[in-house]
Amino acid sequence: MRIDVISIFPDYLAPLELSLLGKARQEGLVDVQIHNLRDFAFDRHKTVDDTPYGGGAGMVMKAEPWGLALDRVLAQSPVLQSSAGADQPQDDAAAASARAEGEKPLLIVPSPAGTVFNQQLAYELAQEEHIAFAPARYEGIDERVLDWSEESFRVMPVSIGDYVLYGGEVAVMVMLEAIIRLIPGAMGNPESLAEESHTGGLLEYPVYTKPAQWRGREVPEILLSGNHGAIARWRRDEQIKRTFSRRYDMIASASDEMWDKKDRKL
Ligand code: SAM
């Protein structure tokens, strides 16, 4: 998978070098390229923002540097390289606009006004060949950049929750952590994905490790029993109880198929 991030604060993305994310990059599971938006601003001060038309508070990110940065991302897109024929240059705007939607890379624009990110969307995004992220600052990006981008990208404004951050870089980090760990080979133990929260409609059960007693608290006896069937049942029951008390909205919207007969006796 190829990922591009365009930002005026590339250092915000430095943790991508660390831990399992860094390992996924080193092992070639994901190719992450960070672009500094200011490299595409050519005045003396490398200006990337200006006052809003119509007045009002704050500044708006200028279209010109975003356009040039996105041109660079398009020129390097593996999706366009694989779909462009020998007689179809990739930088031909008319050819780009004629491309079928499925042949366009995805452009995610972090925004508190976007579709709310969740685990289901993370699974879908982990299947993409090329995702570009356009995290903004100030009041956001000149809207014409999004309109223009539709010619060559599938554009998706995405929010990480109902609150407002200073800028979109942290939102990109959140999405990348959730997406990259779902790429086959990116998890130390892929079985960890099977029962975790937000996969299968329930939150995860409580977990314990050694020692068996700690500050007067004991590990539930069943977990020491070696009875795998009973442990699986206990964990499932705990998942249901926890989801019921913490996220009743998930229980309320669960489909009938999610439950088995023993669940109903709880
Ligand atoms: N004026 C904008 C609004 O009310 O929708 C908020 C701008 S915010 C200060 C600057 C940038 O931070 C946004 O353009 C977006 O890139 C990012 N951002 C802020 N909150 C976010 C959230 N909940 N999810 C994703 N991105 C967010």
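**A tour of the predicted model**

The protein chain averages a pLDDT of 92, and 92% of the residues score at least 70; pLDDT is the predictor's confidence in each residue, from 0 to 100. What you have here is a predicted model, in which local features need pLDDT of at least 70 and side-chain atom pairs count only at pLDDT 80 or more, while totals for chains, interfaces and linings use all residues. Residues are numbered from 1 along each chain as its sequence is written.

Now zoom out. The C-alpha atoms of the protein chain fill a box of roughly 70 × 50 × 35 Å along the principal axes. The chain splits into domain 1 (2–180) and domain 2 (195–264), with bounds that come from an automatic or database domain assignment. Taken over C-alpha atoms, the centres of domain 1 and domain 2 are 38 Å apart.

How much of the chain is buried? Buried residues make up 24% of the 266 residues in the protein chain. Here, buried means that 20 or more other C-beta atoms lie within 10 Å of a residue's own, exposed means 12 or fewer, and partly exposed is in between, with C-beta atoms placed from the backbone. Among contacts between residues at least 6 apart in sequence, 73% join residues at least 24 apart; a contact has C-beta atoms, placed from the backbone, within 7 Å.

For a closer look at one helix, take α2 (residues 63–75). Its 13 residues should span 18 Å at 1.5 Å a residue, and its end C-alpha atoms are 18 Å apart, which agrees; the expected span is 1.5 Å times one less than the number of residues. P65, W66, A69, L70, V73 and L74 are the buried residues in α2. In general, an α-helix has 3.6 residues a turn, so residues three or four places apart point the same way.

Next, the ligand. It is surrounded by 19 residues, and the closest are P110, A136, L165, G168 and A171; to be near the ligand, a residue must have its C-beta atom, placed from the backbone, within 6 Å. Strand β5 (residues 106–116) gives the most to this shell, with four residues. By type, the shell has 11 nonpolar, six polar and two charged residues. Ala, Val, Leu, Ile, Met, Phe, Trp, Tyr, Cys and Pro count as nonpolar, Asp, Glu, Lys and Arg as charged, and the others, Gly among them, as polar.

Finally, some backbone details. S19, in helix α1 (residues 19–26), has a positive phi near 50° though it is not a glycine. S19 counts as exposed because it has 10 C-beta neighbours inside 10 Å. R215, in the loop between β8 and β9 (217–218), also has a positive phi, near 50°; with 4 C-beta neighbours inside 10 Å, R215 counts as exposed. P211 sits in the loop between α7 (169–180) and β8 (213–214), and the peptide bond from K210 to P211 is cis, with omega near 5°.

Methods
Helices (H or I, at least four residues) and strands (E, at least two) are DSSP runs, numbered from the N terminus. Two residues are in contact if their C-beta atoms, placed from the backbone, lie within 7 Å.
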